[in-house]
Amino acid sequence: MKTVFSFMKPYKLGAIIAFLLMLVELAVELLLPFFLGKMIDDGVQNGDLNNIVMWGSIMIGLAFLSFISGIINSFYASHVSWGFAHDIRERLFRKIQEFSFANLNRFPASRLMTLFTNDVRQIQNTIFMGLRIMMKAPLIALGGVIMAFVVNPRLAIIFLITVPLLIGFLLWVLKKASNMFDRVQKSIDNVNRVMQENLAGMRLIKAFFRRDFEGERFTDANTNLRDNTRFTFRFIEASMPILLFVMNLSIIAILWFGNSQVIAGTTEVGDIVAIVNYAMRVAMAISMFSFIIMAVSRTKASAERISEVLVEEIDLLDSEDADSEQLVIQGKVEFKNVSFYYPTAKEPVLQNLTFTVNPGEKLAIIGATGAGKTSLFQLIPRLYDVTDGEILMDDKPITSYKLETLRKAIGYVPQSPLLFSGPIVENISWGKEHATEEEIIQAAKNAQIHDTIMDLPYQYQTHVGQKGVNLSGGQKQRISIARALIRKPKILMLDDSTSALDLATEARLLDAIQDDLNTLLIITQKVSTAMNADRILLLDEGKILTIGTHEELLQQSNLYQKIVESQFGKEYLNVH
Ligand code: M5T
Ligand code: MG
């Protein structure tokens with residue numbers, strides 16, 4: 001909670017101004033019935049027109065003052081609440097950007113999305129309503145009772161019976177309602193989750209013809225949300241007539257006792273009008289309580305969810321002795337007895353890996369699916385840190401580099417290419433700040449995607465993603481390769497990034513990128529790709545089976561022979 005509300009600091013002044021203006025509105029609201037009573041007693045009862053005009057003008061003046069205060073108050077209230085929400089979103093975004101994958105595992109994407117939409121808005125609304133009217137309600141209830149006593153203590157006694165009764169009843173309603181709102185919140189999460197999964201998996205759902213199934217899943221979640229919400233709101237609304245009934249009873253009681261007092265000559269009519277007026281205002285204020293405490297309890301939950309993210313410790317940072325001057329010059333990579341567990345896993349995915357890739361060398365990594373190839377890759381730019389052993393770059397531990405330096409030296413093309421929505425040119429230049437047009441085109445040419453781009457309707461300005469063209473898997477792969485190439489990385493890492501390319505295109509691509517870079521690590525399923533590398537590393541169940549040239553592996557490894565046989569046929573093995 002505190003973490004979140006510390007974001008109010010820059011808006012303290014605005015909040016104070018809004019609060020003071022709200023007090024002006026409050027004062028007017030409490031004074032009006034008082035003056036109304038005066039007008040009736042001194043003016044109307046005595047037929048004194050001047051007196052009526054005087055009290056009338058005072059009341060109009062006050063009403064106008066309250067009106068102006070209200071406008072300025074809402075101006076400040078929105079300034080404060082929107083500013084606050086903006087700052088929180090900004091901070092949340094930066095924090096999540098710093099998250100390591102281990103951090104992200106603890107906060108699923110759907111939950112993070114809800115933070116930005118639901119939770120921030122919840123707090124923002126509460127702040128706005130708080131500065132506008134919420135804080136006013138308890139003050140009106142209290143002030144109304146006090147003013148009633150000022151006007152006529154004998155009649156006001158009735159409040160001492162009804163108000164505590166009402167507050168007790170309200171507390172009971174609230175306790176029930178806040179449990180119900182918990183359920184409503186969970187139903188909202190559910191609807192969001194089903195929706196997100198559907199949007200993300202649209203192709204799959206169509207291809208599997210699971211539309212009806214998914215439709216039912218959505219209907220379930222949606223109906224659940226409707227029922228929970230309806231039940232909660234009905235419950236709260238049912239409490240309103242009860243509140244009003246009690247309040248009306250007290251008004252009748254005031255009129256009843258007031259009447260006999262007027263007849264006895266101990267009370268004036270104006271007092272009765274004023275007190276009835278206060279009774280109504282107190283009733284209104286109390287009926288807002290349920291809404292207020294509900295808003296506050298929902299806000300509390302949201303604030304806690306946000307704080308959890310803000311205070312989450314980032315577990316992958318620059319180490320303290322990281323040398324900001326130290327650069328990657330050659331691009332030599334060395335694994336020393338590296339083992340690795342995923343944070344939640346019990347079994348290691350990689351065990352005791354030791355190998356060296358020399359500057360300028362091309363190393364292919366081949367192995368069955370699930371062997372740990374992608375995991376091995378992720379350790380090099382420190383997307384995860386090794387559990388055991390050490391990775392060296394240019395003979396220095398990778399932890400001795402600044403993360404930024406290390407990652408800038410690496411061009412990483414992940415296994416599933418991701419393009420951002422926007423023009424192609426931005427997707428490529430994303431890899432390097434201030435890339436020139438020549439650099440962009442050169443990178444695209446080397447990635448063998450330039451000609452395809454030139455055939456698109458707006459060439460490099462063609463939008464991809466949601467609002468643009470849909471590219472084929474292989475085209476996406478090559479754009480992500482171009483994005484990595486444009487950095488002129490010391491080490492280029494391709495994770496099965498040429499899987500969708502035909503042999504000829506792939507060969508041209510590997511040829512073209514050769515001049516530019518120093519070291520190439522390439523994960524592949526294809527022997528034809530692997531055999532062009534200087535050496536091949538054969539990974540099996542997280543262990544290195546063997547490492548060497550294509551010929552050496554053919555001699556040494558049964559598994560490799562099997563892989564070659566499955567792709568090239570038996571003949572090939574006989575010839576070699
Ligand atoms: C090896 C697990 C995965 C598998 C093993 C990337 C990733 C993998 N794993 C995780 O638990 N979390 C992760 O983020 O690790 O997986 P891999 O390294 O992805 O294998 P691969 O790249 O050799 O396989 P493939 O299919 O890409 O050729 O048990 O559950
Ligand atoms: Mg993989």
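An oxygen atom of ligand 1 lies 2.5 Å from an N or O atom in the side chain of Ser375, a polar contact (a pair of N or O atoms within 3.5 Å). Thr369 also has a side-chain N or O atom 2.6 Å from an oxygen atom of ligand 1, and for Thr374 the distance is 2.6 Å. On its own, ligand 1 has 610 Å² of accessible area, of which the protein covers 62%; such areas are calculated by the Shrake-Rupley method with a 1.4 Å probe.

This is a predicted model, in which local features need pLDDT of at least 70 and side-chain atom pairs count only at pLDDT 80 or more, while totals for chains, interfaces and linings use all residues. Residues are numbered from 1 along each chain, ligands are numbered from 1 in the order in which they are written, and side-chain values use heavy atoms, without hydrogens and water.

The residues around ligand 1 include Tyr342, Lys373 and Gln525; a residue is listed if one of its heavy atoms lies within 4 Å.

Thr374 belongs to helix 11 and Gln415 to the loop between strand 6 and strand 7, so the pair ties together parts 41 residues apart in sequence. Helices (H or I, at least four residues) and strands (E, at least two) are DSSP runs, numbered from the N terminus.

Key. A polar contact is a pair of N or O atoms within 3.5 Å; within protein, one must be able to donate a hydrogen and the other to accept it, and residues adjacent in sequence count only if both atoms are side-chain atoms.
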